[in-house]
Amino acid sequence: MKPNDTLFTSGKYFTGCNYWASHAGTNMWIDWRPDVVDEDMARLAEHNVRVMRMFPNWRDFQPLRIHYGGGSHEREIRLREDPLPFTEAGRAGVDIVMADRFAQFCDLAEKHGIKLIVGLVTGWMSGRMHMPEAFQGKGLLTDPLVIRWQIRFVRYMVRRFKDHPAIAAWDLGNECNCMQGISHDAAYLWASTITNTIRAEDKEHPVVSGMHGLSPTATWSPEDQGEILDILCTHPYPVFTPHCGTDPLNEMKSILHSTAESVLYASLGGKPCFIEEAGTLGPMIADEDIAADYIRACLFSTWAHDLRGFVWWCANEQELLTHTPYDWDAVERELGLFHTDGSPKPVVGAMKEFADFADSFSAGVTGADGEAGNTLPTYLQDAVCILTAGQDLWATAYGAFILGKQAGLDITYAWHLDEIPQSPVYMLPNLCGLAAIEGHVLSEILRRVEAGATLYVSLGNALMSPFSSYTGVKVKTRRQRTQGDRVTFADGTTADMWSEIKNQYEVTTAKVLAYTADGNPALTVNEYGKGKVYFCAYPIESDAGCHAGMVSGEGARDLYRFYAACDLRNSEKTAKSDSPYVCVTEHIKSDNERILAVMNYSPEERSAHISCNSYTLSEVLTIHGGTAAAVDGGFDVTLPGDTGLVVVVRA
């Protein structure tokens with residue numbers, strides 16, 4: 001982490017917004033109105049928006065044109081029609097008028113106490129390309145000429161503005177992975193080039209990825225971004241992310257999207273992560289009150305899971321703008337925190353409420369400097385979820401996270417070809433395909449189980465080798481399924497299940513924890529050395545991650561009961577909720593005190609009992625209302641829909 005980085009400190013939390021001026025949107029630099037920007041910022045600061053992600057539009061700041069001679073020969077690059085001046089800005093191809101406007105912008109941000117995350121190479125924005133005219137038709141991430149001028153632009157901007165007190169971080173640019181389809185190695189090279197250019201000028205401020213849609217199997221991966229950059233980020237819009245637009249925005253699956261995706265990136269990339277862009281994408285997704293419920297729940301959830309901040313898209317409405325991309329894309333017009341007349345929407349009220357809480361929260365934790373700081377200790381985690389080739393990676397990761405929360409588990413992630421962290425519990429969910437997991441990887445996991453770890457395995461359509469030696473069951477027959485199963489658990493509860501493949505199993509050494517109507521084992525546990533292996537015969541994670549109405553709302557299938565029937569919890573944990581919708585993260589404050597962040601992930605008021613073993617309720621910090629009352633063995637909570645509260649328990 002960079003020496004002066006306070007914005008992304010573990011246990012702290014910031015709220016903010018992405019910004020284009022209310023009068024002009026992406027044309028704000030060429031239609032510069034500092035009076036409007038000043039008013040916009042004053043309105044944001046009044047609502048405790050203290051961080052802003054902003055964008056020096058590449059098209060405007062580096063307005064280069066290639067001038068052609070005879071035979072369409074590229075003769076000269078100019079600043080529009082003029083020769084490049086022999087100045088620092090001119091040698092960088094930067095319009096000094098735009099750079100001076102950027103300086104005014106920074107001064108206004110400082111005036112209003114707003115810190116800036118600067119998206120440097122912003123050639124893609126809101127569905128339209130904004131590249132300099134000279135680079136049209138060229139590879140914006142691979143062409144040597146383009147990269148040469150990107151380096152000059154970035155170097156100039158960072159060198160000139162690195163010491164401005166409003167600057168908090170540099171961002172490579174807005175979703176630069178949308179600017180050109182390229183190879184994995186080319187993506188690594190481009191991100192390294194721009195990052196190293198920033199760091200050559202500024203060794204103090206952290207550098208943020210700015211990318212979205214990362215995956216270990218994609219061109220842009222969290223592992224590469226984590227290796228190169230200081231901070232990772234997510235842009236978790238439900239409509240644009242697979243499997244995330246299935247449930248109402250204020251239901252559990254939708255609320256956990258930003259948390260699950262960000263924990264995934266942080267786990268695989270090994271760097272802190274924050275939500276850099278998020279929003280509802282307008283009133284066709286949810287009305288203003290539901291949007292406020294959604295953001296309220298997302299803020300609490302991401303804060304509790306050590307994600308460093310939440311930045312809304314966008315500050316202002318853009319429904320009256322007639323230039324592209326706003327003329328093209330209806331989804332870009334009604335995304336603001338404020339209405340066109342400047343009146344606040346409920347969502348900015350919810351953000352202010354949480355920002356005020358985050359500012360005042362004090363866990364009483366003494367930092368390295370000996371001073372008590374307003375930091376939330378990191379939460380206790382239960383298991384490492386190992387993702388593998390052949391599966392729908394995001395659906396599996398997403399589903400496992402949701403089911404884990406419902407069963408009282410907090411999971412992190414590893415990619416099967418990366419180094420797998422040490423953990424008392426490992427999960428191999430939804431194994432799929434002919435090459436579900438490499439033999440040497442499975443052998444290493446089983447070696448750890450033999451030494452005392454626990455392994456959970458669930459099966460998609462995988463052909464595994466070995467299999468029966470550690471699960472304690474063997475396959476008798478395999479066929480394509482024609483009908484579902486009714487599964488009965490040890491407590492007599494039932495669940496209707498489906499999978500693509502139906503295996504008929506024979507139990508060898510395992511103990512059956514749940515079974516089907518025809519006697520087939522559905523969930524088993526087997527001793528393996530000093531450890532144990534749980535086997536689930538259904539790809540429950542994929543079901544939960546992919547499909548609508550599986551985990552909450554009317555008709556939910558309670559798939560979390562497969563996890564709840566297994567002993568996967570961290571033995572250090574003391575708190576456990578008896579409701580799958582009222583979930584807890586546990587944070588060790590001192591030897592005899594713990595902080596519990598308790599969240600209702602449903603739109604209805606819910607009550608739950610939180611058992612705490614030898615701990616008793618000491619203090620209640622209510623953010624949104626709700627109550628907590630001590631009872632024998634723990635405390636009872638009642639929470640309005642999509643809200644949380646914080647309690648301190650003491651041994």
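**Figure 1. Right-handed crossing of helices α9 and α10 in the predicted model.** In this predicted model, helix α9 passes helix α10 in a right-handed crossing (a crossing is right-handed if the near helix is turned clockwise from the far one by less than a right angle, and left-handed if anticlockwise). Helices (H or I, at least four residues) and strands (E, at least two) are DSSP runs, numbered from the N terminus. Helix α9 comprises residues 288-304 and helix α10 residues 346-360; their axes come within 7 Å and cross at roughly 25 degrees. That angle makes α9 roughly parallel to α10 (under 35 degrees counts as roughly parallel, over 145 as roughly antiparallel, 65 to 115 as roughly perpendicular and the rest as oblique). Axes are lines fitted to C-alpha atoms, for helices over the stretch in contact, and angles run from 0 to 180 degrees between N-to-C directions. Residues are numbered from 1 along each chain as its sequence is written, and side-chain values use heavy atoms, with hydrogens and water left out. Because the model is predicted, local features need pLDDT of at least 70 and side-chain atom pairs count only at pLDDT 80 or more, whereas totals for chains, interfaces and linings use all residues.

Figure 2. Arg296 forms a salt bridge with Glu353, and the closest N and O atoms are 3.9 Å apart (a salt bridge is a side-chain nitrogen of Lys or Arg within 4 Å of a carboxyl oxygen of Asp or Glu). The pair links distant parts of the chain, with Arg296 in helix α9 and Glu353 in helix α10, 57 residues apart. Arg296 counts as buried at 17% relative accessibility, whereas Glu353 counts as partly exposed at 31% (buried means under 20% relative accessible area, exposed over 50%, and partly exposed in between, with a 1.4 Å probe and protein chains only). The structure holds 37 salt bridges.

**Figure 3. Perpendicular packing of helices α8 and α11.** Helix α11 spans residues 393-406 and packs against α8 at an angle of about 115 degrees, with the two axes 9 Å apart. The two helices are therefore roughly perpendicular to each other. The crossing of α8 and α11 is right-handed.

Figure 4. Asp40 is buried, with a relative accessible area of 2%. In another pair, Arg80 forms a salt bridge with Asp95, the closest N and O atoms being 2.8 Å apart. Arg80 lies in the loop between β4 and α3 (88-91) and Asp95 in the loop between α3 and α4 (96-111), so this pair ties together parts that are 15 residues apart in sequence. Arg80 is partly exposed, with a relative accessible area of 30%, while Asp95 counts as buried at 8% relative accessibility.

Figure 5. Trp313 and Cys314 are joined by a cis peptide bond with omega of about 10 degrees. Cys314 lies in the loop between β12 (309-312) and α10. The peptide bond from Thr324 to Pro325 is cis, with omega near 10 degrees, and Pro325 lies in the loop between β12 and α10.

**Figure 6. Two serine residues with positive phi.** Ser72 is not a glycine, yet has a positive phi of about 60 degrees. Ser72 is located in the loop between β3 (64-68) and β4 (74-79) and counts as exposed at 59% relative accessibility. Ser126, likewise not a glycine, has a positive phi of about 55 degrees. Ser126 occupies the loop between β6 (124-125) and β7 (128-129) and is buried, with a relative accessible area of 9%.

**Figure 7. A nonpolar patch on the surface.** Val239, Phe240, Ile285 and Val331 form this patch, with about 330 Å² of accessible area together. Patches are made of residues with over 30% relative accessible area and no salt bridge; like charges are joined within 9 Å, and nonpolar side chains (Val, Leu, Ile, Met, Phe, Trp, Tyr) within 5 Å. Accessible areas come from the Shrake-Rupley method with a 1.4 Å probe, and for residues only the protein chains shown count as cover. Val239 is found in the loop between β10 (232-234) and α8 (252-269) and counts as partly exposed at 48% relative accessibility.
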